[in-house]
There are 2 protein chains.
Amino acid sequence: MKLNEGIEWAIHCCSILAALPPDIALSAKRLAEFFDLPSHYLAKHLQSLSQAGLVSSSKGPGGGYSLAKPADQISVLNIVQAIDGRAAHFQCTEIRQRGPSGVEPPCYKNPCGIARTMWRAEKAWRAELAAVSLADIGQLGLNEIPQTQMDKSLHWFESVIK
Amino acid sequence: MKLNEGIEWAIHCCSILAALPPDIALSAKRLAEFFDLPSHYLAKHLQSLSQAGLVSSSKGPGGGYSLAKPADQISVLNIVQAIDGRAAHFQCTEIRQRGPSGVEPPCYKNPCGIARTMWRAEKAWRAELAAVSLADIGQLGLNEIPQTQMDKSLHWFESVIK
DNA sequence: GGCAGGTTACTCGGATAGCGATTGTCCGAGTTGATCTGG
DNA sequence: CCAGATCAACTCGGACAATCGCTATCCGAGTAACCTGCC
């Protein structure tokens, strides 16, 4: 199992948007340029974020994407689920009901213990991701980004936005 | 992202092996028959369990698979990792280092906050799975399996093992 | 009757195709901002 | 100089290929039990 690569891109892009003034939009092309990513493919993932209501989009010159909500109201889980879907990773196919020892479906009152175990683990995973907001990610970044990169980033923003 | 379907099969098969007397081996064919699964494909996953040292295999007539360790020393995480590999689900490609604002790799002392967040969530996921052993799964089963199924299963075992 | 050798049937293990989801790419619809023209 | 219409460039959004990993299958290597013939 491998997590969708676009998840990394989406979280990074959202954290950039969170650092910008709220009324500034950044196009998919600019975001791709900032991270040196294939712009068309990144656009596909940004569309998912837009459909999930995490970012709002505007067309035409000066348009692009901006956060639809304050950064502290968007969790990492929101972004992950927007890109990767909300389906459970483990899917129980009820093989206990099959084969020579299976009995009628109504006899099974609960999901089987194996599925419950897997789902409990997924729940813990989601809880960890839900506990971290974009604002938290931004704060981490402010504390740890090399000063040189911060300067280059600010310079890049100014050259692009004007 | 979807978890390998074989994980469900492998855990069910291991829980069956855990319920058997330790000196009894069950072949891939029999296990597939019990759950009505494609035997050849199930065999592939059982090989993974064997390579991981969770089950021991014996060839020839009367051979098959049996648990290599006591059921309380095999966690669900062991099985999941045997089938799905031990690689992290989230792979950080360090896109923060790329693009016009990137600086030299030595400037980045820690993994980026996004990767740390994702990995912390995976750690919580693994911890939940590591906390459940095959013995626990078996206990859950004993408490919840319909009596009719238990009878049919015992009957099937007797007809197969003799 | 007991034993040695050969045979047979059964099992695992790795090597080999098929398919679906993720990855990657493109063009059309729509909007905004600037430009140009006329008053 | 200002207002309005036109135009052009830019952006998103959905539709269309290519690649990789999961799914599925097979056959060969090895082993244990069994059977047969001989002592």
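Reader: How much area do chain B and chain A bury between them, and what percentage of it is on carbon and sulfur atoms?

Author: This is a predicted model, in which local features need pLDDT of at least 70, side-chain atom pairs count only at pLDDT 80 or more, and totals for chains, interfaces and linings use all residues; side-chain values use heavy atoms, with hydrogens and water left out. Residues are numbered from 1 along each chain as its sequence is written, while chains are lettered from A and ligands numbered from 1 in the order in which they are written. Buried area is the accessible area (1.4 Å probe) that two parts lose on being put together, summed over both. For chain B and chain A it comes to about 5300 Å², and the part on carbon and sulfur atoms is 65%.

Reader: How many residues of chain A are in contact with chain B?

Author: Contact means heavy atoms within 4.5 Å. On that basis, 58 residues of chain B touch chain A, and the number on chain A is 58.

Reader: Which helix gives the largest share of the side of chain B that touches chain A?

Author: Across this interface there are 22 residue pairs in polar contact, both at pLDDT 80 or more (N or O atoms within 3.5 Å; within protein, one must be able to donate a hydrogen and the other to accept it, and residues adjacent in sequence count only if both atoms are side-chain atoms). Elements that give two or more residues to the chain B side include helix H1 (5–19), helix H5 (113–130) and helix H7 (147–161) of chain B; helices here are DSSP runs (H or I, at least four residues) and strands likewise (E, at least two), numbered from the N terminus. The largest share, twelve residues, comes from H5(B).

Reader: Which residue of chain B meets Asp36(A) in a salt bridge?

Author: Side chains of opposite charge can pair when their charged atoms come close. The rule for a salt bridge asks for a side-chain nitrogen of Lys or Arg within 4 Å of a carboxyl oxygen of Asp or Glu, and it finds four across the interface of chain B and chain A. In one of them, at 3.8 Å from N to O, the partner of Asp36(A) is Arg98(B).

Reader: Is Gln149(B) buried or exposed, and what is its relative accessibility?

Author: Gln149(B) is found in helix H7 of chain B, and its contacts beyond four places in sequence are Arg96(A), Ser101(A), Gly102(A), Val103(A) and Tyr108(A). A polar atom of its side chain lies 3.3 Å from the backbone oxygen of Ser101(A). Buried means under 20% relative accessible area, exposed over 50%, and partly exposed in between (1.4 Å probe, protein chains only). Gln149(B) counts as buried, at 6%.

Reader: What is the relative accessible area of Glu122(A)?

Author: Glu122(A) forms a salt bridge with Arg126(A), the closest N and O atoms being 3.9 Å apart. The two are four residues apart in helix H5 of chain A, so about one helical turn separates them. Arg126(A) is partly exposed at 30%, whereas Glu122(A) is buried at 3%.

Reader: What is the distance from the side chain of Asn4(A) to a phosphate oxygen of DNA strand C?

Author: Asn4(A) is among the residues that come nearest, out of the 24 around DNA strand C (near means a heavy atom within 4 Å). Tyr65(B) has a polar side-chain atom 3.2 Å from a phosphate oxygen, and for an N or O atom in the side chain of Asn4(A) the distance is 2.5 Å.
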